[in-house]
Amino acid sequence: MTQVRDPLIRGTLNALILKSISWGPLHGYAIARWIQMRTDDALKVEEGVLYPALHRLERDGLLQAHWGQNDTGRRAKFYSLTALGTEHLESEVARWHRSSEAVTSVLESTEA
Amino acid sequence: MGRRDRRFAPRVPLPKSAARRRIEQDVDDEIMGHIELKARDLEREGVPADRAWAEAWDAFGRSTRVEAECATLQSQMARRRRTMMWWEEMKSDLAWGVRSLTRAPGFAAFATCTLALGIAANTSIFSVANGLFLRALPGISNPETLVEISRGPGFISVSYPIFEHFRDNAASLEDVAAFDVIGLAVGVDESPEVVMGLQVSGNYFDVLGTRPGVGRFFSQEEGTLPPSEPVVVLGHELWTRRFDSDPGVVGSTIRLNGQLTTVVGVTEEGFGGHVAVLQSAAFIPLGSPIPSAHQDALRSVTSGVLELIGRVPPRTDTRALANQLSQLARQRLSEESTIDANAPQYVAQVHRYAPLPGSVRGPAGAFVLILSVLVGLLLLISCVNVANLLLSRSATRRHEIAIRMSLGAGRRRLVRQLITESLLLALIAGGLGVLLAYWATSVLSAFQLPVAPIPGLRLDLHLTPNALVLGYSVALATTTGIIFGLVPALRATQGDLVTDLKNAGGPNTSSGGRLQGLLVGAQVAGTIVLLSGSGLFLRALVSAETLDPGFDTGDVFVAGFDLELTGRTNENSWPFYEEVLNRAGGLPGVRSVSAAGKLPLAGLSQTGPVNFDGTEPPEGRDGFVLANQSVGPGYFRTLGLSILEGRGIEDLDRADAPRVVVVNQHLADRFWPNERAVGKHLTAFASGSDVLEWEVVGVVETAKYSRLNEDPRIFAYFPASQRPRTDMIVHMKMAAGADPPIRALRAMAASLEPTAAVLSVGSLDAAVGIFMLPQRLGAWVGGLVGAFGLLLGGVGVYGITAFWVSQRTKEVGVRIALGAGSRKVVMAVMKRGMRAPMIGAGIGLALSMVASRFLEAFIFGVSPLDPVTFVGVISVLGATAVAANLVPALRAARVDPARTLRTD
């Protein structure tokens, strides 16, 4: 199981978080679960990293938060995208595609 | 643990704020929710309950760390949001302010101009204070450890032997330098330029801590007596102006007072001596062989020719130093048997160094202080004016404000908005004011005396605002904005919502009336103090202009010479002047010509002991002190002074003729009452043990000698042939309208003495005018401030009173509707309306009478309780207040009562 310690992956954590809530507001646990499920348990987001990342994104205005209830009836903080966050997500996705294509083309190149 | 962990760990356990506690609670809730959900899911997957919980907990591991990090991020976010909101509000407040000012352009223009005038006046005066007292002179290091050393009361200079004794023996002085002002004729060719310079001890530059710009300063030999080869250090300004900044000048010789002198160096840029206002253009060593009358005086122990400037260790007690120096002086003086070493004039005085010369520091400081108070009052009156305008605006704005409040705007927020508006106004006014002050101070800085009272004296005023002054103006404008904005803003937002919404722009209620009554009173009081102060200055000017000095300055032209600059001494100077007078008498248009050692009113030269036939010297003294001067033949004729008895000084009073003197009437009446003074004798100017006796040959009318308002004093005129001096001023009485023959005079002087320069030329009117300069300046500034004060005060008193009365027009309408006669109603309104101005006037009068005592030193010839001034001020303001009451009251009485009542 890969832990998100690796700086390359860590840089993409923000993009993953933004993506996870692009369909609607989620609380922190649901975001962690979503990432884990989507990567077929390949990426497990550590709580100690997830929450600071969420709060940093909120501070920087990419996320906004509101308080609601989770399914156990407890008070929970739901995150959703701001306009700025949406924009950032789009540019992150584009950037990811560009760099992964570049890396792929290098790795799959045959001897010239 | 990594670096990040430490960064987010709480460093110091500070007491937590409520906001911080709420943030932590939220973070805690969020994390607890996560743990619960995770434990539940683990249980569902079949993990036993206790292990499921432990695992969920453990995922957060060092949970306090995550929590702290999250909480910190949250508070950062909160702070950012607050800042952003503040900016947003600021922007909207500014936009609102600009909008509301442009909607009332008349108000904005009036308020801006009023405040700009007030701020300009204050900035200008502060610039002057800064230029005279605060600004450090360039090139002087650590001015705080410099001291000035003099003796006796009133900054008396010391002698060279005493200076040497101090320099060699005073333990608490690190070093001490001596200097003396000297006129220097810097002659490249036949047209020497006369400049003011300093004669200094060799260590002068070291004591001040300045460095040479080009070349070097004086060497050990050059700087000590006896004099060596003549050398000079040029001031940077003179070097630039006269020698085109040519470094080749250093090492070459120039002519200085007729003598070839080697230039050894140039001062660093900006350095022109340690005295503010009077810039020194060149520096020569003490006792330099360059001709100067001071050379003989340098050898005397008791003479007063040198001023001293010393360097002391930090935190030196100046009083202890003065005691030490006094003791040293006594020690040195008692070596000479003839001197009373304990006399008070030998007690050493130590003052902290200040750029302004000691003798003018006190009066100049007092003058600037008085002006500051006057302009401060002016600004205060401007503030009250604008505050009142804002108050009356807020009455019409109440509706708008009430709507905003009902829409949920907090009071703080609205007050902030209103204050932003007034700050905006104040800062615009401040900007304008600073521009005005720049203009005013640059005009002042360029000021030069019309006729220089000291040869070569040039004023070097740096009065234009610098960073300190600009800071002061910004602070002043901001404070002003808050002062005049706060009260109206608080008032505007404090009203009762419901009534305000109902009466759109209705009249103020009683509390507003009380506040405005207070403003009216304050306005009247402030204006009275300001006007009486500046009124006294104006009256003093008028009285000085109309005082009879006793001599006639009309059509008299004066030209000053100083033969010291050509190398002559007192003893061989008179033949030159005698020849100049003889020839000048024949020039076209000259009616009468003479010469004198001093201009009328230029201050007194006194001598003593003097004794008179038939009068014993005063108890315990060896004679009287007598003010006197040396004059040429025909002096009384030239200045229109009547000879009451005997004759004046004439051509027959030659150097080798019997010694004679002409006294004034006051002297004759005092020493020889009911007797003929002519034929009596007095003794004066003892040289060694020889007592010189002078026979009185005439009595002239008593004139003014040092001040226009002086009491009659005893005075004597000695023939210049018998009391010669190197510097004399030629006086020429011209035929009415004739041009002074300056060119001919110059040519004549040059033919007699090639290096003799005419130092200063001008009409005697202008020359005497210099001595009235403090009064004139005071009257001008005072008058100007007073005129603005009258304008602003008048407008303010009228505006405030009229507005206050007009708010009660409803009351007038009601009374008239109820059948009261309009005359009676108007009287009733007047009676109430005049109360505040009258109380204000009483307070203002009392304050002025106290304050005017401080003006006493500046208003010659006028009593500080001058009735004309006070009655004048009271009548002008009284009339304004009555008009301000009467006009709106009458207007209200004329209005149809039904209409007044309906507007409600």
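**Close-up 1. Helix α2 of chain A and the residue Asp40(A) that comes after it in the predicted model.** Asp40(A), which follows α2(A), has a positive phi, near 50 degrees. The helix itself spans residues 28–38, and its buried residues are Gly28(A), Tyr29(A), Ile31(A), Ala32(A), Trp34(A), Ile35(A) and Gln36(A). An α-helix has 3.6 residues a turn, so residues three or four places apart point the same way.

**Close-up 2. The largest cavity and its lining.** Six cavities of 30 Å³ or more are held in the structure, and the largest cavity contains about 160 Å³ of space. Its lining comprises 19 residues, and those nearest the centre are Leu599(B), Pro600(B), Gln629(B), Tyr705(B) and Phe715(B). Two or more lining residues come from each of β16 (624–631), α17 (635–639) and β21 (715–719), elements of chain B. By residue class, the lining of this cavity is made up of 13 nonpolar, four polar and two charged residues.

**Close-up 3. The largest nonpolar core.** This core has 51 residues, among which Val200(B), Tyr204(B), Phe205(B), Phe218(B), Phe283(B) and Phe537(B) touch the most other members. Several elements of chain B give two or more residues to the core, including the helices α5 (105–134), α15 (510–546) and α21 (773–806) and the strands β2 (175–187) and β3 (193–200). The greatest contribution is that of α11(B), with nine residues.

Key. Residues numbered from 1 in each chain as written. Chains lettered and ligands numbered in written order. Predicted model: local features only at pLDDT ≥ 70, side-chain atom pairs only at ≥ 80, totals over all residues. Heavy atoms only, no water. Buried < 20%, exposed > 50% of the residue type's maximum accessible area, 1.4 Å probe, protein only. Helix = DSSP H or I, 4+ residues; strand = E, 2+ residues; numbered from the N terminus. 1 Å grid on protein atoms, 1.4 Å probe; cavity = no way out; pocket = protein on both sides within 12 Å on 5 of 7 lines; lining within 4 Å. Points joined across faces, edges and corners; volume = space filled by probe spheres on them. Nonpolar A, V, L, I, M, F, W, Y, C, P; charged D, E, K, R; others polar. Core = buried A, V, L, I, M, F, W, Y, C linked by side-chain atoms within 4.5 Å.
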